[in-house]
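Me: I'd like to go through this model with you, starting with the contacts between chains. Can you set out the terms as we go?

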Amino acid sequence: MSSIGTGYDLSVTTFSPDGRVFQIEYAAKAVDNSGTVIGIKCKDGVVMGVEKLITSKMMLPRSNRRIHSIHRHSGMAVAGLAADGRQIVARAKGEASSYESTYGEGIPVKELAGRVANYVHLCTLYWWLRPFGCGVILGGYDRDGPQLYMIEPSGISYRYFGAAIGKGKQAAKTEIEKLQLSEMTCREGVIEVAKIIYKVHDEAKDKAFELEMSWVCEESKRLHEKVPDELLEEAKAAARLALEEMDAD
Amino acid sequence: MDCLNLNEPHSMGTTIIGVTYDGGVVLGADSRTSTGVYVANRASDKITQLTDNVYVCRSGSAADSQIVSDYVRYFLHQHTIQLGQPATVKVAANLVRLLAYNNKNMLQTGLIVGGWDKYEGGKIYGVPLGGTILEQPFAIGGSGSSYLYGFFDQAWKEGMTKEEAESLVVKAVSLAIARDGASGGVVRTVTINADGVTKNFYPGDTLPLWHEEIPAQNSLLDILSAPSPEPMSM
C-alpha cells in the first residue's frame, strides 16, 4: 500500500504519474502515528474518546485537551499534530460563531463539517502551504438528530456511524463494527468506547495513556460536554476488567 | 395644488398583518401605495415572496422595503443551495433584521416575516423600524395598525383554524382601511402551511361595511336608471 514517490512527493501541487498526491498521503501518516481517536453515533447521541499517550511523567493529568467544544451542540476530537489541530478547532469555532451571527440559529453539523473540510482541503491546493497533519472526528446534535463526521488531511469528509483514526484505527474499527449502535444509548456507548480504547492500546510500544471522553446526547441536554467523572471512572473500571478477562483466557 | 407633490417618495401607508394558526400562518395587507396624497398604485401586492415557504409583508418606504426583500431573497437562495433544504422562517427573519438594523440610518421600513418550516411549523416575526426582531403569535404593522391594537386584544385567540385566522385578518385589514387614509384598495392574503401557499384576493365590494361607510356604487347614473320606489301599503 505505501510506496515512496521519489521525485513526485516534494510538493502538494504535484501529481504522481499514477494520479496520487504524495504529500497528502504523508500527512495522513502523521495522523496514523498519533494516539487512537474514536467516535460512535448511538441512538440518542454521539460519544468520542481519545487515547492520550503520556510522553512525560511530569505532565499534569487532564491537561493537553484533545477534545474541544466547537459550539454548544458540537465537539471535535483531534488526532495527529496537535498544533495543526488547534488551528482547525479555532477555524471551526469561528465558522460556527459567524453562522449563528448571520443566520440566527446554531450551525447544522453537516454545514460545520463541510466548512471544516473546505478549510482543510484549501491547504492542499497551494505550494506555499503544507497540508494539516491531523484528522478530526466531529460529533454534534442538531435539529436532524445526532451526527458524526470525520475529516481527513486530504479534506475528505464523510458521515459515519463509527469512526476511528490514529495508531489503533484498524483494530478499533473492527471492534466498533461488532457493536449494535442503533440500539445503544450513549451511557452504554461510553463504556464501550472506553473498552475499545483500552483494548487497542499497545502496552509494549507505548507506555502510559490517559483516556479522555466526551459526549453530546439527550442526557447531556444536547450539549457537548466532558463525560461526567463518575461515568468516566465506571467506564475505565469496566475497560480494565474486560482487559483482565481477556488476558486470563 | 401644493398638497399634490408627485415628487414625494412612494410610501406605503399600509396596514399589514401576520397571524399564526394551528398549522400555519396567514399574512394580510391592504393595497394602497401613495405618493403624498396621490394614490400611485391602488392594487399593489405588499406580500412578497422570499422563498417557497417564507413571505414578507412590507410597509413604510416602498423602495426601501423592496430592496431589503430583494437582498434577503438573494441571500436565502444561496443559503438554501448551501444547506440542501428549505431555509427556516427564523433564518429568513434574521437576515431581514440584520439588514434593517445595520442600515437603520438609511432605511424606513417595517416588515412582518411569516412562513412555515418543518421544524417549527408556522411562525411570525415582526421587524419594525429600528431593526428589532420579535417572534410573535401575531403581528401588525403600518400606519393602519394603530387602529387595530384594541381590536386584536379582544379578537385574537390561540389555536384558531385556518378559516378563522383568514377571516380575522380580512376583517382587521378592512377595519383599518375604513379609518386610515393611507390604507385602501383591496385586501390580499397569503396562507402558508405544510401543504403549500394559497393566495387570496378580496376586492372592496366583498368587504363588510363599518360605521357610517357608504355602500360601493359603480356610478351615480345607476340611481337614475333605478325604478321609482313602490308606493307604501298600510
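Reply: A salt bridge here is a side-chain nitrogen of Lys or Arg within 4 Å of a carboxyl oxygen of Asp or Glu. This is a predicted model, in which local features need pLDDT of at least 70 and side-chain atom pairs count only at pLDDT 80 or more, while totals for chains, interfaces and linings use all residues; side-chain values use heavy atoms, without hydrogens and water. Residues are numbered from 1 along each chain as its sequence is written, with chains lettered from A and ligands numbered from 1 in the order in which they are written.

Me: How many salt bridges does the rule find across the interface of chain B and chain A?

Reply: It finds 1 there. The side chains of Arg143(A) and Glu120(B) form a salt bridge at 3.1 Å, N to O.

Me: Which helices of chain B supply at least two residues each to the side that touches chain A?

Reply: Helix H1 (62-83) and helix H2 (89-102) of chain B do. H2(B) gives the largest share, 5 residues. By class, that side of chain B has 5 nonpolar, 5 polar and 2 charged residues. Ala, Val, Leu, Ile, Met, Phe, Trp, Tyr, Cys and Pro count as nonpolar, Asp, Glu, Lys and Arg as charged, and the others, Gly among them, as polar. Helices (H or I, at least four residues) and strands (E, at least two) are DSSP runs numbered from the N terminus.

Me: What area do chain B and chain A bury between them?

Reply: About 1000 Å², with 48% of it on carbon and sulfur atoms. That is the accessible area (1.4 Å probe) that two parts lose on being put together, summed over both. In residues, 12 of chain B are in contact with 13 of chain A, contact meaning heavy atoms within 4.5 Å.

Me: Back to salt bridges. How many are there over all chains?

Reply: The structure holds 26. One of them joins the side chains of Lys178(A) and Glu175(A) at 3.1 Å, N to O. Both residues lie in helix H4 (residues 169-178) of chain A, 3 residues apart, about one turn of the helix.

Me: Is Lys178(A) buried or exposed?

Reply: Lys178(A) is exposed, at a relative accessible area of 58%, whereas Glu175(A) counts as buried at 16%. Buried means under 20% relative accessible area, exposed over 50%, and partly exposed in between (1.4 Å probe, protein chains only).

Me: New topic. What is the strand order in the open sheet of chain A?

Reply: The 5 strands run S8-S1-S2-S9-S10, with antiparallel pairing. Strand S8 (162-165) and strand S10 (225-226) of chain A are the edges, each pairing on one side only. Two strands pair if DSSP finds at least two bridges between them.

Me: How many bridges link S2 and S9 of chain A?

Reply: Strand S2 (residues 45-53) and strand S9 (residues 209-217) pair over 9 bridges.

Me: Which residues of helix H1 of chain A are buried?

Reply: In that helix (residues 22-32), Phe22(A), Ile24(A), Ala27(A) and Val31(A) are buried. The buried residues of H1(A) pack against strand S4 (74-80), strand S5 (134-142) and S8 of chain A.
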